[in-house]
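Here are my notes on the model you sent. They are set out as numbered points, to be read beside the structure.

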Amino acid sequence: MSDNVLHVENITMQFGGVVAVNNLSLDIPEGKIVALIGPNGAGKTTAFNCITGVYEPTNGLVEFMGKPIVRNHPQGKMKKEYKGENGDMYLGKVVANTPDKITKHGIARTFQNIRLWKSMTVFENVLVAKHMRAHQNVFTATFRLNAAEERRMREETMALLEEQGLDKYKDEIASSLPYGLQRRLEIARALATEPKLLLLDEPAAGMNPQETLELAQFIHEIREKYDLTIFLIEHHMELVMQISDYIYVIDFGSEIAQGTPKEVQNNQRVIDAYLGVVEDE
């Protein structure tokens, strides 16, 4: 297996006559922070939705940890065969997973528009996500046959809230938190699923400069603490250039550039399409 946690190959997403993502390929190396940037409407969130099972792509392949989690090649035979954890061979043209199954594989995400369970408390939001890794089912939970596991998950939820500085808000309704804390709670909820790859969709959106500065530090901290690989969409260029190891740039659904932050900043095509003219001091 390669050092890439995520491999996306020729993903295309078409809605009728509109091609939102066009033959996009990218690799996310283990332990790195990789950014996906581009103008509004470039197809960034659509690409995330294809990776996480929200959309079934029109064409293409998504591999996570060397195994396909999304695949659709309607035009021809598959080039590879894979053996699943249950021993089944992936032989058909389509391999499609629902978002919950992809989360169980080890991919968690946040959304451009915060999607907390707003009527639930901070503690409950994270606890529900913890149940993604529960061994109990609806019957054992109903008849309290696995009280020890439930107690463990509650203890782990509280520990996670303490680590993220959210423990003092544990009984607050999620929607009552300030915007920056709601963002942090959404990330904490994603961490509760014990991911290997964390996708962040515009985490700095709506944040003030101080909150953005704190977010940059926070992303580095959780990458190290939880041994994560992070893939993010972001329009805040100062944040992107500060925290990213590598950057992909797309426009009209297609890649126009990739490279280190310095390489992308100096790419004329990126400047023309997205960054704009940078005036000399």
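1. Contacts along the chain. This is a predicted model. Counting contacts in the protein chain between residues at least 6 apart in sequence, 64% link residues at least 24 apart.

2. Overall make-up. The protein chain has ten helices and 13 strands. Of its 281 residues, 47% are buried. The accessible surface comes to about 14,500 Å², and carbon and sulfur atoms account for 48% of that surface.

3. Helix α1. This helix covers residues 44-51 and is mostly covered, with seven of its eight residues buried. Those buried residues are Lys44, Thr46, Ala47, Phe48, Asn49, Cys50 and Ile51. Note that a lysine, Lys44, is among them. Just after α1 comes Gly53, which has a positive phi of about 85°.

4. Helices α3 and α5. Which angle do α3 and α5 make where they pack? Helix α3 (residues 122-130) packs against helix α5 (residues 147-163) at about 125°, and their axes lie 9 Å apart. An angle over 145° would count as roughly antiparallel and one from 65° to 115° as roughly perpendicular; α3 and α5 are therefore oblique to each other. Their crossing is right-handed.

5. Residues between α3 and α5. From α3, the residues in contact are Val122, Phe123, Val126, Leu127 and Lys130. They meet Glu150, Met153, Arg154, Glu156, Thr157, Met158, Leu160 and Leu161 of α5. By class, this contact comprises eight nonpolar, one polar and four charged residues.

6. Helices α6 and α7. Helix α6 (residues 179-191) and helix α7 (residues 209-225) pack with an angle of about 15° between them and a distance of 11 Å between their axes. Because angles under 35° count as roughly parallel, α6 is roughly parallel to α7. The crossing of α6 past α7 is right-handed.

7. Residues between α6 and α7. Helix α6 contributes Gly180, Arg184, Ile187 and Leu191 to the contact, while α7 contributes Glu211, Glu214, Leu215, Phe218 and Ile222. These residues divide into five nonpolar, one polar and three charged. Why does such spacing along a helix put residues on one side? An α-helix has 3.6 residues a turn, so residues three or four places apart point the same way.

8. Points to check on screen. For α1, look at the seven buried residues out of eight.

Technical notes:
Residues are numbered from 1 along each chain as its sequence is written. This is a predicted model: local features need pLDDT of at least 70, side-chain atom pairs count only at pLDDT 80 or more; totals for chains, interfaces and linings use all residues. Side-chain values use heavy atoms; hydrogens and water are left out. Helices (H or I, at least four residues) and strands (E, at least two) are DSSP runs, numbered from the N terminus. Buried means under 20% relative accessible area, exposed over 50%, partly exposed in between (1.4 Å probe, protein chains only). Contact means heavy atoms within 4.5 Å. Accessible areas come from the Shrake-Rupley method with a 1.4 Å probe; for residues, only the protein chains shown count as cover. Axes are lines fitted to C-alpha atoms, for helices over the stretch in contact, and angles run from 0 to 180 degrees between N-to-C directions. A crossing is left-handed if the near helix is turned anticlockwise from the far one by less than a right angle, and right-handed if clockwise. Ala, Val, Leu, Ile, Met, Phe, Trp, Tyr, Cys and Pro count as nonpolar, Asp, Glu, Lys and Arg as charged, and the others, Gly among them, as polar.
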